[in-house]
Amino acid sequence: MNVAIVLLILLTVLFALTFFTKRRFGVLGLALTAGATLSGLWTPDVVPIVQQAGVELVAPPLSSVVAAAIILLPAVVLLFSGPTYSSKLQRAIGALVFSLLALAFMLEPLGGALVLEGDGKRLFDILVEYRVWIITAGILLALADLLFVKTPKISKEKH
């Protein structure tokens, strides 16, 4: 399958999940950051465990699937709870930025799983070239989004 189609499907699924659950990007973006960190630390150790459980993949490589799963897992868990957006525009922007940040974090495992040639390779190379900027902007936007989360105020009534 063409690399551009795979990337578009991935972006669409991530966008839809985030948009329809109405979750704020800040929490999800930082969860992706945590997942990417955990993936770098644990993928080499988790792959043999998954293999011993009887899972064997040739294409895509099991290490790529495990790495992508670890990256997404914290954010997927947080899709079921946490702060939400109220307007559709905020939801759409948050979902778009989330899907782009997730894609940027998953470029490395995707590169090992996809057959890169022709226009698909050029598109992938462009994304890899701007990966650091996409991740940096995504993390900064996630932090900024967290600044706008309203926490309930606790009244200090004396009894």
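**Figure 1. Lining of the largest pocket by residue class.** The lining of the largest pocket has five nonpolar, six polar and two charged residues. The model shown here and in the other views is predicted. This pocket has a volume of about 230 Å³. A total of 13 residues line the largest pocket, and those closest to its centre are A36, S39, I71, F105 and E108. Two or more lining residues come from each of α2, α3 and α4 (88–113). Of these elements, α2 gives the largest share, with six residues.

**Figure 2. The second largest pocket and its lining.** The second largest pocket holds about 180 Å³ of space. Its lining is made up of R24, F25, Y85, Q90, I93, G94, V97, L141, D145 and F148. The elements that contribute two or more residues to this lining are α4 and α6 (131–147). With four residues, α4 supplies the largest share. By class, the lining of the second largest pocket divides into six nonpolar, two polar and two charged residues.

**Figure 3. Packing of α2 against α3.** Two packed helices are described by the angle between their axes and the distance between the axes. For α2 and α3, the angle is about 140 degrees and the axes lie 7 Å apart. The crossing of α2 past α3 is right-handed. In the contact of α2 with α3 there are 19 nonpolar and five polar residues, and no charged residues.

**Figure 4. The loop between α2 and α3, with A59.** The view shows the loop that runs between α2 (25–52) and α3 (62–78), in which A59 is found. Is A59 buried or exposed? The relative accessibility of A59 is 70%, so A59 counts as exposed, the cut-off for exposed being over 50%. The view also takes in V3, which is 56 residues from A59 in sequence. In space, A59 and V3 are 14 Å apart, C-alpha to C-alpha.

How values were computed:
Residues numbered from 1 in each chain as written. Predicted model: local features only at pLDDT ≥ 70, side-chain atom pairs only at ≥ 80, totals over all residues. Heavy atoms only, no water. Buried < 20%, exposed > 50% of the residue type's maximum accessible area, 1.4 Å probe, protein only. Axes fitted to C-alpha atoms, helices over the stretch in contact; angles between N-to-C directions. Left-handed = near helix turned anticlockwise from the far one by under 90°. Nonpolar A, V, L, I, M, F, W, Y, C, P; charged D, E, K, R; others polar. 1 Å grid on protein atoms, 1.4 Å probe; cavity = no way out; pocket = protein on both sides within 12 Å on 5 of 7 lines; lining within 4 Å. Points joined across faces, edges and corners; volume = space filled by probe spheres on them.
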